[in-house]
Amino acid sequence: MKSETVDIAIVGGGVMGLATAWELTRRGRRPVVLERFARGHHEGASHGATRNFNNAYVEDHYLDLLARARDGWDALGTVGGEPLLRLHGLVTHGDLDVNAVRDGLTARGIDAELLSAAESARRWQGMRFERDVLWSADAGVVRAADALRELERRIVAGGGEVRWNTPVAHIGEDPAGGVLELADGTRLHAETTVVTAGAWTSRMLSRLGLPRLTVTEEAPAHFAQTTDAAWPSFNHVVGPPEYPATVYGMPTPGEGVKVGFHSVGDEIDPDARPHVPTHQDALREYVREWMPGLDPDSAVPISCTYTSTDDGTFVLDRRGRTVVGAGFSGHGFKFATGIGAVLADLAVDPAARAAEPFRLPR
């Protein structure tokens with residue numbers, strides 16, 4: 001059996017694994033990322049051109065993580081002549097306390113203001129509003145696919161490695177560190193193992209006592225614009241009986257405006273994913289009712305996965321020589337550079353701790 005020793009092994013080469021590896025290289029470490037699929041695959045949760053950079057949170061642990069993520073995105077800077085973080089702003093409206101969200105953001109120096117429904121409709125003529133709207137200019141989208149490529153480039157430049165098409169069969173540990181069995185029979189030894197395996201996390205870490213992680217296939221869609229109206233990113237807190245769940249979305253240049261229901265997909269086996277869009281009739285009806293600037297019959301569905309905890313709270317913790325980042329519940333991508341920094345902390349310092357809500361039960 002072939003044996004190899006590496007500095008820190010990271011299982012899973014989506015945005016969380018890559019962000020963690022990049023952060024480790026910034027600290028002088030030489031991580032090795034092991035990803036079962038090929039570069040650019042669509043089997044997980046990190047593919048696609050854009051992700052919402054949504055700052056409409058009230059919980060301190062998320063706002064703290066958001067600040068750390070913002071530092072990371074700013075440090076990655078400009079790629080292809082444009083920042084990876086495109087700040088065209090975010091509107092949040094519907095059945096929530098927008099005053100509380102505004103107060104939490106402004107207390108941290110994050111730009112946020114309330115606008116009337118009428119004023120909002122004048123500014124964003126492609127959308128309809130019935131209540132006051134929270135507007136934050138310090139939000140927008142992350143250029144997701146470009147971010148993955150740039151993170152890999154930085155990892156390699158910093159002395160790390162990303163190995164695509166490298167499945168991991170088993171994750172364990174001994175007193176000296178992590179021990180990984182690769183599908184090709186190689187045994188890999190590492191000081192610490194970081195697992196960011198998305199939908200496959202529970203299968204790989206059943207010994208760790210993780211909370212329940214439910215894997216669903218979600219199906220937002222891109223819609224064509226019917227006007228030249230400017231589009232922000234958006235959250236619309238709605239739900240049954242009118243619509244299945246809260247709606248989110250953002251402009252994706254070249255593809256249209258992305259609109260989706262949050263966390264409504266069918267539970268799936270990630271190794272037998274049907275790639276069948278659901279809730280498309282309801283999504284078209286939502287667009288017809290609330291987004292006069294889009295063609296409701298132009299929908300082009302997108303398939304992605306959510307791996308969710310029961311309450312949507314992330315898992316960021318360390319047990320022994322194993323660090324886990326999991327349960328990002330469809331709202332993790334924006335936080336990726338902050339999550340990478342937290343997981344790097346946990347990987348290099350056994351005494352480090354994430355914020356209490358993210359920890360595993362002791």
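This is a predicted model: local features need pLDDT of at least 70, side-chain atom pairs count only at pLDDT 80 or more; totals for chains, interfaces and linings use all residues.
Local features were taken at pLDDT of at least 70 and side-chain atom pairs at pLDDT 80 or more, whereas totals for chains, interfaces and linings use all residues. Residues are numbered from 1 along each chain as its sequence is written, and side-chain values use heavy atoms, with hydrogens and water left out.

The contact (heavy atoms within 4.5 Å) draws 20 residues from domain 1 and 14 residues from domain 2.

A handy way to express the size of an interface is often the accessible area lost when the parts come together. Here, domain 1 and domain 2 bury about 1300 Å² between them (accessible area lost to a 1.4 Å probe, summed over both parts), and 42% of that area is on carbon and sulfur atoms. On the side of domain 1, A199, R203 and S329 supply 32% of the area buried against domain 2, more than any other three residues.

R203 also takes part in a salt bridge with D271, where the closest N and O atoms are 2.5 Å apart. Between the two domains, three salt bridges are counted (a Lys or Arg side-chain nitrogen within 4 Å of an Asp or Glu carboxyl oxygen).

A cavity here is a set of points on a 1 Å grid over the protein atoms alone where a 1.4 Å probe fits but cannot get out; points are joined across faces, edges and corners, and the volume is the space filled by probe spheres set on them. The largest cavity holds about 50 Å³. Its lining (residues with an atom within 4 Å of a point) consists of E218, A219, P220, F261, V264, T278, H279 and L283.

Methods: Buried area is the accessible area (1.4 Å probe) that two parts lose on being put together, summed over both. On a 1 Å grid over the protein atoms alone, a cavity is a set of points where a 1.4 Å probe fits but cannot get out, and a pocket is an open set with protein on both sides within 12 Å along at least five of seven lines; lining residues have an atom within 4 Å of a point.
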